[in-house]
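I opened the model today and kept notes as I went. Here is what I looked up, one entry at a time.

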Amino acid sequence: MLSETILEMKDISKSFPGVKALDSVDFKLRKGEIHALMGENGAGKSTLIKVITGVYGKDAGLITLQGESIHFKAPEEAQNKGIGTVYQEIMLCPNLTVAENMFIGRSHSLVVNWKQMNEKAAQLLDSLGIPASPVQELTSCSLAVQQMIAIARAVDMDCKILILDEPTSSLDEDEVHKLFKLMRELKARGVGIIFITHFLEQVFEISDRITVLRNGKLVGEYETTSLSQIELISKMLGNVLEDITKIQKHEPIVSDTSIPVFEGIGLSSAAGVRPFNFVIQRGEVNGFAGLLGSGRSESARAIFAADKVTGGEVRMKGKSVKIKTPLHAIKQGIGYLPEDRKGDGIIDDLSVRDNIILTLQVMKGFFKPFSLKQAETFAEEYIKKLNIKTPTPDTPIKSLSGGNQQKVILARWLLTNPEFLILDEPTRGIDVGTKVEIQKLVIKLANNGMSLTFISSEIDEMIRTCSRLIVMKDREIVGELKGTELTETEVMNVIAQGGKNPCLN
Amino acid sequence: MASVNVFKPKARLSNSNILFLIAAVIFVVMYLFAIISFPNSFMQFQTFFDLFNLNAPLIIMTLGLCIVMIGGGIDISIGAVCGLVTMACAVFLESKMGSIGGAVLVALGIGVAFGILQGYLIAYLEIQPFIITLSGLFLAQGLLTTLHKDPINVTMPAFVGLRDFDIVIAWLGTRNRLGVFIPSEIKLGTVIVVVLLVILASLMKWSRFGRNVYAVGGNSHSAMMLGINVKRTIFITYVLSGLTAGIAGFVYIMTTGAGNVGNAAGAEMKAIASAIIGGTLLNGGVGNLLGAPIGTLTLLVINELIRAAGVQSNFQAMVSGLLLYFFIVLQSVIMSLRDRRRFGIALPPWLRLSGKEQTVGQGES
């Protein structure tokens, strides 16, 4: 195969207010290769894709497509130049037929020639080996086939570059293989494919080259064969060396006879995490480690019943209890600080004070409101305790910085005085100073007897705060580390070795 | 378990077609029931034709409304616009410069003007169609009463001729009790219904615009990503619905011969009901224009049945309401059963099919 370059990006930079999403990143795509783009959340993968397809403009840098300098202003322009994109969500119309989905929006004729369209579609489906009939309604196809039809549409538009943005996240193993077969077929035709996924096994199965991004910077471009899984993981996660004062972690005293605060047996939820057991002792800090998509958040959500619980048994301090909704969990003394702060956590337009007392109010009941004075006392106490920087307790929470918003939500849970608090990515997207403050707080709370689960995509943070780490991969628990085993290398080893099945089923 | 997705080349019926078929079957069953129960009236061809003759405006409005609904919108101004058109035409025909051609232009002009105004606000300024067309309803009602408050009987000779014009089908008819053969008669409005039905149904099936409407109604974001001009498509659906409301207004006055403040009042709700019974989903993307007359006729036959049975007229409204409940539940049950593979489905256990059909897709994991 010729290694002719079709797309070359040089020194691409892109900033959003307050964040440098891409910092002089280079990227090169050759003809007929499958090139995996890897990186954790916020590494800049999707920003890079959006710069290629013209959704975002770039601040600096040069993009050349087959030797020609390009600057797309809208996705249609990229499409016309032969860059096809297939998104994680299928961008097709479910109520139209397969053939229509492949050709609609592309013809300039006023009349639809069904016969011709169906024939052309049948040919294309046949040549790509897609098991669908042109006259079938799209909803009657499986997700994988729908995904392939989206690809077929892009292929028929004579695309030279095909971008697949997490196309496999909702497919089962069988379907993934069908998709891979199609990708190899296209590769043989000389299409350059950019493949984004968070399933490591898939990357090693299908890709020729891997480009790794971290924190908006290029880590490097590698031949897939020259890289082992563990090397890839360490390149993705990096060694985040921050100037953090050594945090003294709390080791709980656990005897064989002590009754755990929370004990879950065979927990599973509709979010697709495999049944797992989970135990936490009084004053213990543990964590779920794993790559993005490994199921670490889903597990935490299953404990709190934030997703529909599909099975399992829960015991609080040895007593069997029923936790089917978050309200049950709250009433049992479990708190959960969600990963998605904007979506699940803050109420934008309410004041800092109202956001703080929200959960306590829910527990008390809405028909017994707190007096303003009581609410103010609570709010002021926690604003001081957690050092929340807000002009007044009456300020709407949306005008606070990310770190301070996070502290407000923390305050909300601390006010309810939970026995077991789950913190899902409490340090994401906030400044380093606040990150350290939150880690210190976690340890202080554990010292006072609270049990905490701390989840972070930065492994070093978890190693610093947790006394026990549960390692997850592909939505199941693959190992548990404690004491001296708690090192970054060990975590990566467990992820790389554990569980060989690349996807859900 | 991983699904075994064995490819079957046999295409199953589309949702649009299955809902249309159900509507058609229900209509036929209903009509047969009517014939059996009241052979005297329902056996006559004239009764069937009269359903069209007297309700042509409603069917025409339903056609336009169906297009809007397939595109994912709603238009509740059509009844009021239709009423406004009847009064405007009556005033115009009774004035010195009145002419039939002019009246047609007035009717189409008012309808299209409302369509353009509402379509622009909904498609390009992205305001809720319900609110916009509700405002249109009030605007049209206000204009109607401003124009003229009292009923106007159009006396223009040419128009009266048009009003009383019948197409006689000499070979089709019934004998009355005295054995005299009475041929069937069809009004001009019925002809317009048939012509419009053919034109609009073809438009939806075979034109690029028609397919774009389905795409937009199915998933407007996807439609945009597929390169469809979503705003223009939505805009045109409202213009078409305004146009049909205008035509309906003219056919209305051609049938009754009078402009009246109460003309076509509340017709939009009957049209919505007809569209739904005819298999057009309120969510958009699913529907068949041939279902529009079927839905309207089903609703009318039920009313006729109740009237023939000598039950009080308030029962007609009640039965229409119950029937609508029934149809909507039926449609959602069918849709869930067909889509069960893809969603978790909120079907009550007593409605679920047994064992093997339950989880085919990604259910267990």
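**Entry 1: chain B as a whole.** I began with burial, and 43% of the 365 residues of chain B count as buried. A residue is buried if 20 or more other C-beta atoms lie within 10 Å of its own, exposed if 12 or fewer, and partly exposed in between, with C-beta atoms placed from the backbone. I noted that this is a predicted model, in which local features need pLDDT of at least 70, side-chain atom pairs count only at pLDDT 80 or more, and totals for chains, interfaces and linings use all residues. Residues are numbered from 1 along each chain as its sequence is written, while chains are lettered from A and ligands numbered from 1 in the order in which they are written.

Next I looked up the elements of chain B: 14 helices and 4 strands. Helices (H or I, at least four residues) and strands (E, at least two) are DSSP runs, numbered from the N terminus. Then I turned to contacts, meaning C-beta atoms, placed from the backbone, that lie within 7 Å. In chain B, 76% of the contacts with a separation of 6 or more are between residues 24 or more positions apart.

Entry 2: What does helix α3 of chain B span between its end C-alpha atoms? I found only 33 Å for residues 45–70, whereas a straight helix of 26 residues would span 38 Å at 1.5 Å a residue. The expected span is 1.5 Å times one less than the number of residues. I then found a bend of about 75° in α3(B) at B:N55. The bend is the angle between axes fitted to the seven residues ending at a residue and the seven starting there. Just after α3(B), I noted B:G72 with a positive phi of about 90°.

**Entry 3: two crossing helices.** I checked α9 (residues 208–218) and α11 (residues 230–256) of chain B. Their axes come within 10 Å and cross at roughly 105°. α9(B) and α11(B) are therefore roughly perpendicular, a label for angles of 65 to 115 degrees. The contact residues divide into 6 nonpolar, 3 polar and no charged. B:F209 and B:V213 are among those from α9(B), and B:V230 and B:I234 among those from α11(B).

**Entry 4: chain A.** I counted 17 helices and 20 strands here. Buried residues make up 48% of the 505 residues.

I picked A:F262, in strand β11 (residues 262–269). Is A:F262 buried or exposed? A:F262 counts as buried because 26 C-beta neighbours lie inside 10 Å. A:F262 touches A:I280, A:M316, A:F420 and A:S451, not counting residues up to four places away in sequence.

A:E68, in strand β5 (residues 68–69), is exposed, with 8 other C-beta atoms within 10 Å. Its C-alpha is 9.3 Å from that of A:L7, 61 residues apart along the chain.

**Entry 5: positive phi.** Most residues other than glycine have a negative phi. I found A:K317 with phi near 50°, a positive value. A:K317 sits in the loop between β14 (309–316) and β15 (319–321) and is partly exposed, with 14 other C-beta atoms within 10 Å. A:R475 has a positive phi near 65°. A:R475 lies in the loop between β19 (468–473) and β20 (476–482) and is buried, with 22 other C-beta atoms within 10 Å.

Definitions and conventions
Contact = placed C-beta atoms within 7 Å. Axes fitted to C-alpha atoms, helices over the stretch in contact; angles between N-to-C directions. Parallel < 35°, antiparallel > 145°, perpendicular 65-115°, else oblique. Nonpolar A, V, L, I, M, F, W, Y, C, P; charged D, E, K, R; others polar.
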